[in-house]
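Here are a few friendly notes to read alongside the structure. Keep the 3D view open and look up each residue as you go.

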Amino acid sequence: MARRTMSLIPHWSSRVSSVELNGTPFYFSTQEKHRGEEVPRVFRENDGRCYSLLVCSSDTIRRAKFYAELKDKLLTNLSPECHLSPMCSFLPNIKDSLLKGYFLKDTSESSSPTERLLRDLTQRDPVLVCSYLRGETGGVWTQHLWSDGDNHTMQMPKDYYVVPAEAPEHHPSTLNIINSDVFYSFEEAYQVLEKCGDIIPEARAVLELLPSREEARRKPDFPVIVIEGLDATGKTTLTESLRDALGASLLRSPPHCLSPMRARFDREPPLIRRAFYALGNYITAVQIGQEGMKTPVIVDRFWHSTAAYAIATAVSGPVCNLPAEGSEVYCWPSDVLQPSLVVCLTLDPEERRRRLRDRGQGKTEEEQELEHNQLFRLKVEKAYQRISGPACVTVDASPPADLVLQQVLLLIRGKCHL
Ligand SMILES: Nc1ncnc2c1ncn2[C@@H]1O[C@H](COP(=O)(O)OP(=O)(O)OP(=O)(O)O)[C@@H](O)[C@H]1O
Ligand SMILES: Nc1ccn([C@H]2C[C@H](O)[C@@H](COP(=O)(O)O)O2)c(=O)n1
């Protein structure tokens with residue numbers, strides 16, 4: 001913790017903080033001198049005490065695990081007069097500079113219980129705490145960075161004034177996507193699961209099933225057609241019909257061999273969960289390489305799904321917060337086999353809900369989230385459309401199943417000479 005804190009201090013006053021109040025971000029920064037700026041929105045009309053908690057550790061697994069637990073830990077131990085809002089701190093436009101945490105307003109009578117809890121956290125956990133004090137007149141607020149538990153002699157910077165800051169050009173939640181949410185090489189995803197081996201036994205089981213990097217890149221002789229789309233858009237129905245119509249092999253990502261471990265990884269924080277799905281694509285790629293030497297191959301979900309769901313989860317707020325079209329975030333990894341054609345099935349939300357209802361099966365938490373959260377669904381669809389190399393061809397899946405099949409067969413015949 002101390003090493004990570006120390007490395008933050010030289011750039012401390014260049015950092016911008018964002019606090020989300022009812023889904024809207026409010027930005028503030030800090031500076032040594034006060035030049036008459038107004039009080040940032042989050043501190044206005046505030047008669048409570050304010051604190052910020054940012055999770056920071058150079059150990060990425062520890063950081064991800066602790067952030068995932070922090071909210072529950074705070075809600076369980078803080079008094080009901082404490083109000084938490086999601087918060088982050090970042091260096092504008094600097095990749096990997098995002099720190100996530102919570103902003104805490106405490107309106108209880110005594111500061112002691114909250115401060116005792118926060119002090120305990122700084123001593124045991126990878127968290128950086130600041131308290132904010134209102135000046136006598138209420139016209140200025142200052143930020144005080146607490147020293148961490150294991151380094152009492154650390155030279156702390158002086159208190160800073162907090163002032164409003166402009167919204168950044170790129171939404172802060174996009175800064176850490178690469179290799180935290182989306183993995184662009186086998187090595188990067190492998191390293192995450194390798195580091196988890198001691199705490200998640202299933203991670204070791206996954207590593208044992210992995211192929212070599214060369215195997216995952218082997219290009220088959222026959223065309224490879226990937227079918228993508230949200231849950232219940234008709235992927236299973238279509239992929240099975242395509243298999244029969246083309247005499248093709250049918251594969252899926254994640255592959256069947258990972259099914260016993262999947263539920264465990266679905267409960268893990270995004271860093272670990274996404275590394276699992278990323279590695280699943282490399283196993284499927286090897287199977288494609290083998291089957292594709294004998295027959296055409298149809299694949300139910302592949303890298304488009306892994307990237308689109310990860311990006312949509314990582315980026316908070318509306319669709320316009322997503323990285324713009326052409327961003328490197330949407331680029332296909334150079335070590336994953338490129339399909340000949342990717343088809344993305346789309347369906348209007350009402351019909352999708354009807355099909356989900358009719359099917360009535362259990363769903364992953366993320367799929368339940370999709371059902372409830374229109375914004376998330378729009379972000380997944382937009383991310384699908386922005387992924388390039390190969391891009392996906394969108395097909396309306398609302399006609400009857402045999403018509404959807406005919407339309408996709410036409411696309412395949414046009415693109416793959418089958
Ligand atoms: N073109 C269609 N018209 C009407 N109903 C359809 C059509 N295609 C599929 N369905 C029905 O919609 C439901 C969902 O289809 P399916 O299981 O193929 O979707 P899926 O995309 O594979 O879902 P998941 O990703 O959750 O596995 C099923 O009950 C299926 O019979
Ligand atoms: N290649 C893949 C396949 C799936 N996922 C994730 C994305 C969703 O959370 C979920 C959807 O899968 P389904 O319920 O349709 O089996 O799995 C992924 O990240 N990469």
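1. A word on the source comes before anything else. What you see is a predicted model, so please read every distance and area below as a value computed from that prediction.

2. How many salt bridges does a search of the whole structure find? The count is 15. One to look up is the pair R44 and E38, whose closest N and O atoms are 3.5 Å apart. That distance qualifies because the cut-off for a salt bridge is 4 Å. R44 is partly exposed, with a relative accessible area of 35%, while E38 reaches 53% and counts as exposed.

3. Now turn to helix α11, which spans residues 349-359. R353 and E350 both sit in this helix, 3 residues apart, or about one turn. Their side chains meet in a salt bridge, with 3.2 Å from N to O. R353 is partly exposed at 32% relative accessibility, and E350 is partly exposed at 44%.

4. Helix α11 holds another such pair, R354 and E351, again 3 residues apart, about one turn of the helix. In this salt bridge the closest N and O atoms are 2.9 Å apart.

5. Next comes ligand 1. Which residues come nearest to ligand 1? Of the 15 residues around the ligand, they are D231, K235, T236, T237 and P399. Sorted by class, the shell has 6 nonpolar, 4 polar and 5 charged residues.

6. Where do the shell residues come from? The largest share, 3 residues, comes from α7.

7. A polar backbone atom of A232 is 2.9 Å from an oxygen atom of ligand 1. For T233, a backbone N or O atom lies 3.3 Å from an oxygen atom of the ligand. R355 uses its side chain instead: an N or O atom there is 3.1 Å from a nitrogen atom of ligand 1. Taken alone, ligand 1 exposes 630 Å², and the protein buries 73% of that area.

How values were computed: Residues are numbered from 1 along each chain as its sequence is written. Chains are lettered from A and ligands numbered from 1 in the order in which they are written. This is a predicted model: local features need pLDDT of at least 70, side-chain atom pairs count only at pLDDT 80 or more; totals for chains, interfaces and linings use all residues. Side-chain values use heavy atoms; hydrogens and water are left out. Buried means under 20% relative accessible area, exposed over 50%, partly exposed in between (1.4 Å probe, protein chains only). Helices (H or I, at least four residues) and strands (E, at least two) are DSSP runs, numbered from the N terminus. A residue is near a molecule or strand if one of its heavy atoms lies within 4 Å of it. A polar contact is a pair of N or O atoms within 3.5 Å; within protein, one must be able to donate a hydrogen and the other to accept it, and residues adjacent in sequence count only if both atoms are side-chain atoms. Accessible areas come from the Shrake-Rupley method with a 1.4 Å probe; for residues, only the protein chains shown count as cover. Ala, Val, Leu, Ile, Met, Phe, Trp, Tyr, Cys and Pro count as nonpolar, Asp, Glu, Lys and Arg as charged, and the others, Gly among them, as polar.
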